[in-house]
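Welcome, and thank you for opening the viewer.

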Amino acid sequence: MSDILAGILANTRKELAERMALRPPAEVRAAVKDAPPARSFEKALREKTPMAVIAEVKKASPSKGIIRDRFDPVTIARLYALAGAAGISVLTDEKHFCGKLEYLSAIRATVETPLLRKDFLIDEYQVWESRAAGADAVLLISDALEPDVLKRMLDLVHETGMEALVESHDLAHLEHAIASGARIIGVNNRNLSTFRVDIENTERLAKYVPADRVLVGESGIASADDVKRLASFGVRAVLVGETLMRADDVAAKLRELSLM
């Protein structure tokens, strides 16, 4: 683990300690009682055809900087919901992606589409705060978690009523994701250490994912042709951020990627 991912995780640990000092774990766990019931992310992905799109609310990235200047997360989420997104991914990392956990809560109050908290979760505290903020699912990155920690985090996710998209970039971490029991398996075409993208990564790894799991292709997806190619490898859903954020007509682009 090096470069970009290592830097992000170091910052995550620092910010996590600060948040825990301001809002103790017991307080966050208590707040979960007031959260609206979690909706099934897996069910939403399985029911959407021909292709389920997880549309991402994303202002910036470490490699591209600001992606969308005129950024209203709630308005964007509403557009996604109206255009038929199966799920909505909300970036909450502040330093590297200009996200906020508050975006998740605001969007949850506005749309019925299941929401995924997209961040770098390394501690159980973040699972509880995700549920308290209204998340229906969270991202767990197997490349950033030891197998026993991944399993423990996933078990807690399920305990809270949420589901998880467990993401990997290489075969070793994919095997950890599958062994954890994750029902939604993501193959990230982006190497998180370098942020280089290779869409053929999904092709290389898809054959190792059991047929009973929901396979999600992530990163580097720009067109209907890309989606059709991924579908031919058994991909049932795609997670798309930058392509949608740069589109002049977000709804039209989302429908294109849904193969509608």
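**First stop: threonine 160**

Select threonine 160, which sits in the loop between α8 (147–159) and β7 (163–168). As you look around, keep in mind that this is a predicted model. Is threonine 160 buried or exposed? Threonine 160 counts as buried because its relative accessible area is 14%, and the limit for that word is under 20%. Now show its surroundings: setting aside residues up to four places away in sequence, threonine 160 touches Val127, Trp128 and Arg131.

**Second stop: arginine 108**

Next, select arginine 108 in helix α6. Arginine 108 is also buried, with a relative accessible area of 13%. Which residues does arginine 108 touch, leaving aside its neighbours within four places in sequence? The contacts are Pro36, Pro37, Arg39, Leu115, Arg131, Ala133, Gly134 and Asp136.

Move on to aspartate 123, in the loop between β5 (115–118) and α7. Aspartate 123 has 28% relative accessibility, so it counts as partly exposed. Show tyrosine 125 as well: its backbone nitrogen lies 2.8 Å from a polar atom of the aspartate 123 side chain. Not counting residues up to four places away in sequence, aspartate 123 touches Leu16 and Met153. Try the distance tool on the C-alpha atoms of aspartate 123 and methionine 153: they are 7.5 Å apart, although 30 residues separate the two along the chain.

Colour residues 171–179, which form helix α9, and pick out Leu174, Ala177 and Ile178, which are buried. What do the buried residues of α9 pack against? Their partners are α8, β7, β8 (184–188) and α10 (200–206).

Now visit the two ends. At the start of α9, a side-chain oxygen of aspartate 170 comes within 3.4 Å of the backbone nitrogen of alanine 172. After α9 comes glycine 181, with a positive phi near 95°.

To find the largest pocket, select Arg19, Glu94, Leu101, Glu102 and Glu129, which lie nearest its centre among the 20 lining residues. The volume of this pocket is about 450 Å³. Which elements each supply at least two residues of its lining? They are α1 (3–22), α6 (101–108) and α7 (124–132), with α1 giving the largest share, six residues. By type, the lining of the largest pocket holds five nonpolar, five polar and ten charged residues.

For the second largest pocket, select Glu56, Lys58, Lys118, Arg190 and Ser219, the ones nearest the centre out of 24 lining residues. Two or more lining residues come from each of β6 (137–141), β10 (237–240) and α12 (242–245). The second largest pocket holds about 320 Å³ of space, and its lining divides into eleven nonpolar, five polar and eight charged residues.

How values were computed
Residues are numbered from 1 along each chain as its sequence is written. This is a predicted model: local features need pLDDT of at least 70, side-chain atom pairs count only at pLDDT 80 or more; totals for chains, interfaces and linings use all residues. Side-chain values use heavy atoms; hydrogens and water are left out. On a 1 Å grid over the protein atoms alone, a cavity is a set of points where a 1.4 Å probe fits but cannot get out, and a pocket is an open set with protein on both sides within 12 Å along at least five of seven lines; lining residues have an atom within 4 Å of a point. Grid points are joined across faces, edges and corners, and a volume is the space filled by probe spheres set on the points. Helices (H or I, at least four residues) and strands (E, at least two) are DSSP runs, numbered from the N terminus. Ala, Val, Leu, Ile, Met, Phe, Trp, Tyr, Cys and Pro count as nonpolar, Asp, Glu, Lys and Arg as charged, and the others, Gly among them, as polar. Buried means under 20% relative accessible area, exposed over 50%, partly exposed in between (1.4 Å probe, protein chains only). Contact means heavy atoms within 4.5 Å. A polar contact is a pair of N or O atoms within 3.5 Å; within protein, one must be able to donate a hydrogen and the other to accept it, and residues adjacent in sequence count only if both atoms are side-chain atoms.
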